[in-house]
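Could you go through them with the viewer alongside?

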Amino acid sequence: MRILLTFVLFLNLISAFAQNNDSLVYEFGDKLKVYKDLNSQTFRIKKNDKKVVFKKLKFIEHLGEYLQVLDKNNIPFYINNKGKKKKKVNITLALCGTVPNYVYEIVEKNESYYLTENENFYDYEDKIPPKIIDSIEVKGIDKINFPNNENKIEFDENSFVFNHTEVFPHALIIQKEKKQGILYQGNLTSYDEVTYDSGLLKVKINNQLGYYGITKARYKELETFIFGLAKFKTFDNRSGYVDSNGKEYYK
C-alpha cells in the first residue's frame, strides 16, 4: 500500500511539474489559448482550454485575426480565429489617423553631412526647428541618400504598421568608390551592395545576402519577408525560414 501511494504521489508530482512548464502566451480568437512549452520551446494551441488543436509549432506571429505559424517540420501556414488552418490569408488592419509625421533631410554644411529630423504633424505650424540626429564627414563619400534614393524622406508612424520586422527608413546609404555602407544612429557598416526591399535594407558581402539589423549576410538566396518570415537558402543548399529576430528554422 505504501509503495502504491508513493507511486501515485510521484505521478502527481510529474504532472504538476509538466503543467508548470507550460506558459500561457495569449488568448486568441474564439476560446483559443496559445501555450509555450518552456522545455521544448514549442507552442501548442488549445480550444476551450481542453482540446489541443495544434501542437509542436516552432514559430507563431500574431496577425490580427490570424496566426502565422511554422509546424514541427517548419512548414508555414495560418490559423484563423476559429482555429482553422489556412494556406493563404488577406489581412486587413485598422490605422490610426492621429500619429506623428516626420521629415528627414540630408544637409551639407561645414564639410559634413547632417541628418535632420522634423516632426510636422503635432508641430503643424513648424515652430520647432529640425534637430540633427546624425552626421558624417563629406570626405571620401561619392554619394549619400535615403533608401528612396533621394536626400529627403517623409513618413508617419502608420507607414510601416503592416511590417512585422524592424525597419530603417531614415538610414543613410553611402557610396564610397565600389563599396556601399549604411549609417544609422552613429554607426557606419560597410557592404558590397545595399538594396531597398519593402521597408528593409537587403545587404550583400562576398555574394552573401542578409537583412540589415535582422540577419547576418550569410545566405545564397534570401526572399522578401512575408509578415514575420523570410525564406532562405544557404551555400550548402539547406533551406528554411528566418524570423524577424534572425532565428532560423531549417526544413
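**Notes on rings and cores**

1. Start with Arg-238, which lies over the face of Tyr-250, 3.9 Å from the ring centre. The criterion for a charge over a ring is NZ of Lys or CZ of Arg within 6 Å of the ring centre and within 35 degrees of the ring normal. Lys-85 does this too: its charged end sits over the ring of Phe-77, 4.5 Å from the centre.

2. Before going on, some ground rules. This is a predicted model, so local features need pLDDT of at least 70 and side-chain atom pairs count only at pLDDT 80 or more, while totals for chains, interfaces and linings use all residues. Residues are numbered from 1 along each chain as its sequence is written, and side-chain values use heavy atoms, with hydrogens and water left out.

3. Now the largest nonpolar core, which has 15 residues. A core here is a set of buried Ala, Val, Leu, Ile, Met, Phe, Trp, Tyr and Cys residues joined through side-chain atoms within 4.5 Å. Among the residues with the most contacts inside it are Tyr-104, Ile-136 and Phe-146. Strands 9 (101-109), 10 (112-119), 13 (152-156) and 14 (172-176) each give two or more residues to this core, and strand 9 has the largest share, with three. Strands are DSSP runs (E, at least two residues), numbered from the N terminus.

4. Which residues does Ile-136 touch, leaving aside its neighbours within four places in sequence? Ser-112, Tyr-113, Ile-141, Ile-144, Ile-174, Leu-183 and Leu-188, with contact meaning heavy atoms within 4.5 Å.

5. A second, separate core has 12 residues, including Phe-54, Ile-60, Val-69 and Phe-77.

6. There are 11 aromatic pairs in the structure. Rings of Phe, Tyr and Trp (its six-membered ring) pair if their centres lie within 6.5 Å; planes under 30 degrees apart are stacked, over 60 edge-to-face, and the rest tilted. Tyr-78 and Phe-227 are edge-to-face, because their planes are at 85 degrees, with the centres 6.1 Å apart. Tyr-78 is in strand 7 (residues 76-80) and Phe-227 in the loop between strand 20 (221-222) and strand 21 (229-233), so the pair ties together parts 149 residues apart in sequence. Tyr-78 is buried at 10% relative accessible area, whereas Phe-227 is partly exposed at 22% (buried is under 20%, exposed over 50%, partly exposed in between; 1.4 Å probe, protein chains only).

7. Tyr-104 and Phe-155 are stacked, because their planes are at 15 degrees, with centres 5.4 Å apart. Tyr-104 is buried at 4%, and Phe-155 is buried at 13%. Ring pairs link Tyr-102, Tyr-104, Phe-155 and Phe-160 into a cluster.

Note on methods. Helices (H or I, at least four residues) and strands (E, at least two) are DSSP runs, numbered from the N terminus.
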